[in-house]
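The following exercises are to be worked through with the sequence and the model in view. Each task is followed by a solution in steps.

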Amino acid sequence: MTVEPGVRVGQSQDTDASLIERSRDEPEAFAVLFDRHAEAVHRYAARRLGAEAADDLMAETFTTAFQRRHGYDLARDDARPWLFGIATNLISRHRRAEARRFRALAGLPVPAEHEEAVADRVAARVSAQGVRRELAAAVARLSARHRDVLLLVAWADLGYEEAALALGVPVGTVRSRLHRARSRLREALGGSDPSALREDSGHA
């Protein structure tokens, strides 16, 4: 039996758009969308705000999405940009908490090679060796708009066009903000650690 990527056995193989369309008349169909993407949204929220806040933010993201499902663009099969856009907008209410989290990470000691990383591992497009103090401090200093773009690409695994959809901005704006964010992080890291800011040609 062939199962679409990201879809568990026994789970609907309908596109996200078809599930959302069906949920307009059959609200229970929205539960499949939750099952499909809740883990990724929760992981993204936890990395940005911490585990304690992630449960509530994930729940609020899907509650908001359910309430707005009638306005979803059914031409877009993949609902991830929409969902991560909602989550990012909700995170904007917690900017101070997010900044405190990154500053706290910046103050943590660097783990020994044999130890488990002291924080969630950063996706490969930002760092292959876990959150480091210099990187966390640099992320904390980014403006909200630059941080949002960077982390949607790095942690939500969205491409440029998907990040643009999530934020409601042109693709060119995403590219510009991402370039500036990466430049600032590269400066913070002394420009000597290309692995921390590895470009992903698959998202270009």
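**Exercise 1.** Determine whether R101 is buried, partly exposed or exposed.

Solution. Step 1: buried means under 20% relative accessible area, exposed means over 50%, and partly exposed lies in between (1.4 Å probe, protein chains only). Step 2: the relative accessible area of R101 is 21%, so R101 is partly exposed. Step 3: R101 is located in helix 5, residues 95-106; helices are DSSP runs of H or I with at least four residues, strands are runs of E with at least two, and both are numbered from the N terminus. Step 4: R101 and A140 are 39 residues apart along the chain, and their C-alpha atoms are separated by 8.2 Å.

The model is predicted: local features need pLDDT of at least 70 and side-chain atom pairs count only at pLDDT 80 or more, while totals for chains, interfaces and linings use all residues. Residues are numbered from 1 along each chain as its sequence is written, and side-chain values use heavy atoms, with hydrogens and water left out.

**Exercise 2.** State how many helices and strands the chain has, and describe its burial.

Solution. Step 1: the chain contains nine helices and zero strands. Step 2: of its 204 residues, 46% count as buried. Step 3: the accessible surface is about 10700 Å², and carbon and sulfur atoms hold 48% of that surface (Shrake-Rupley method, 1.4 Å probe; for residues, only the protein chains shown count as cover).

**Exercise 3.** Describe the surroundings of L83.

Solution. Step 1: L83 belongs to helix 4, residues 80-91. Step 2: its relative accessibility is 0%, and therefore L83 counts as buried. Step 3: leaving aside residues up to four places away in sequence, L83 touches H37, V41, T61, F62 and A65, where contact means heavy atoms within 4.5 Å. Step 4: A65 is 18 residues from L83 in sequence, with a C-alpha to C-alpha distance of 6.9 Å.

**Exercise 4.** Characterise the packing of helix 7 and helix 8.

Solution. Step 1: two packed helices are described by the angle between their axes and the distance between the axes. Step 2: helix 7 (residues 144-154) and helix 8 pack at about 130 degrees, with axes 10 Å apart; axes are lines fitted to C-alpha atoms, for helices over the stretch in contact, and angles run from 0 to 180 degrees between N-to-C directions. Step 3: the two helices are therefore oblique to each other (under 35 degrees is roughly parallel, over 145 roughly antiparallel, 65 to 115 roughly perpendicular, and the rest oblique). Step 4: D148, V149, L152 and V153 of helix 7 meet Y160, A163, A166 and L167 of helix 8. Step 5: these residues comprise seven nonpolar, no polar and one charged (Ala, Val, Leu, Ile, Met, Phe, Trp, Tyr, Cys and Pro count as nonpolar, Asp, Glu, Lys and Arg as charged, and the others, Gly among them, as polar). Step 6: nine of the eleven residues of helix 7 are buried.

**Exercise 5.** Characterise the packing of helix 8 and helix 9.

Solution. Step 1: helix 8 (residues 160-167) and helix 9 (residues 171-188) pack at about 105 degrees, with axes 8 Å apart. Step 2: helix 8 is therefore roughly perpendicular to helix 9. Step 3: Y160, E161, A163 and A164 of helix 8 touch V171, V174, R175, L178 and R182 of helix 9. Step 4: the contact residues divide into six nonpolar, no polar and three charged.
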